[in-house]
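Me: I'd like to learn how to read helix packing and salt bridges in a model. Could you walk me through it?

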Amino acid sequence: MGKIVVAEFVSLDGFVQDPSWTAPYWNDRIAAYKSAELEAVDALLLGRSTYQMFAASWPNHPEEGAYKDKMNSMPKYVATESLSELDWNARRIEGELAEGIAKLRADRDLLVFGSASLVKFLRENELVDEYRLVVYPVLLGSGLRLFEAVEPEATLNLAESEVLDNGVVLSTYRVTANSVERPNFG
């Protein structure tokens, strides 16, 4: 059975929207981490907005090499009801979304970049197996949060973590249980 890996750039206060604020921190170690992440999966799973942004930029992206080649050539599965015509080696997930994604996960590893609404849907349907988070020492104060009103609560196991010299933290969390009862503190 495959797995679904959610990979996000996250501010210290939990925001994931428009990661342009990550640029000053980019370095060779983050690039290697992201390359290994992409090499380890069979396909991308994207929401409509992220798919449209990526499809518009990656085919003509100035970066050269294995990362760009894999990004452009690998299969992409898009969660969308509004797009019927897709390019960039992409296919729309047909039918009931949770069921379609579960079928895709049955025999391949899928990587989710961005796609905050899709990540929320995956989390709510207990379809996330792993979170790979690059946490930046930045407070944004507003935007889309990675974890908003989390129901059901999931138990995560820290599988790896590395603190970089620039204050960025690379972390991998595996989902170990879903629907955990919350303690009653009242």
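**Helix pairs and charge pairs**

Reply: Gladly! Bear in mind that this is a predicted model. Let's start with helix 1 (residues 28-39) and helix 3 (residues 66-73), whose axes come within 10 Å and cross at roughly 35 degrees. Their crossing is left-handed. Lys34, Ser35, Leu38 and Glu39 of helix 1 touch Tyr67, Lys70 and Met71 of helix 3. Sorted by class, that contact has three nonpolar, one polar and three charged residues.

Me: At what angle do the axes of helix 4 and helix 5 cross?

Reply: Roughly 85 degrees, with the axes of helix 4 (residues 97-105) and helix 5 (residues 116-124) coming within 11 Å. Angles of 65 to 115 degrees count as roughly perpendicular, so helix 4 is roughly perpendicular to helix 5. Here Leu97, Ala98 and Ile101 in helix 4 meet Leu118, Phe121 and Leu122 in helix 5. This contact has six nonpolar residues, no polar and no charged ones.

Me: How many salt bridges does the structure hold?

Reply: The general idea is that side chains of opposite charge can pair when their charged atoms come close. This structure holds eleven salt bridges. One of them joins Lys103 to Glu99, with the closest N and O atoms 3.7 Å apart. Both residues lie in helix 4, four residues apart, about one turn of the helix.

Me: Which residues are linked with Glu130 in a network of salt bridges?

Reply: Lys3 and Arg174. Glu130 meets Lys3 at 3.5 Å, N to O; Glu130 is in strand 6 and Lys3 in the segment before strand 1, 127 residues apart. Arg174 pairs with Glu130 at 3.0 Å between the closest N and O atoms. Arg174 lies in strand 8, so this pair ties together parts 44 residues apart in sequence.

Me: Is Glu130 buried or exposed?

Reply: Buried, because its relative accessibility is 4%. Lys3, at 29%, counts as partly exposed, and Arg174 is also partly exposed, at 37%.

Technical notes:
Residues are numbered from 1 along each chain as its sequence is written. This is a predicted model: local features need pLDDT of at least 70, side-chain atom pairs count only at pLDDT 80 or more; totals for chains, interfaces and linings use all residues. Side-chain values use heavy atoms; hydrogens and water are left out. Axes are lines fitted to C-alpha atoms, for helices over the stretch in contact, and angles run from 0 to 180 degrees between N-to-C directions. Helices (H or I, at least four residues) and strands (E, at least two) are DSSP runs, numbered from the N terminus. Angles under 35 degrees count as roughly parallel, over 145 as roughly antiparallel, 65 to 115 as roughly perpendicular and the rest as oblique. Contact means heavy atoms within 4.5 Å. Ala, Val, Leu, Ile, Met, Phe, Trp, Tyr, Cys and Pro count as nonpolar, Asp, Glu, Lys and Arg as charged, and the others, Gly among them, as polar. A crossing is left-handed if the near helix is turned anticlockwise from the far one by less than a right angle, and right-handed if clockwise. A salt bridge is a side-chain nitrogen of Lys or Arg within 4 Å of a carboxyl oxygen of Asp or Glu. Buried means under 20% relative accessible area, exposed over 50%, partly exposed in between (1.4 Å probe, protein chains only).
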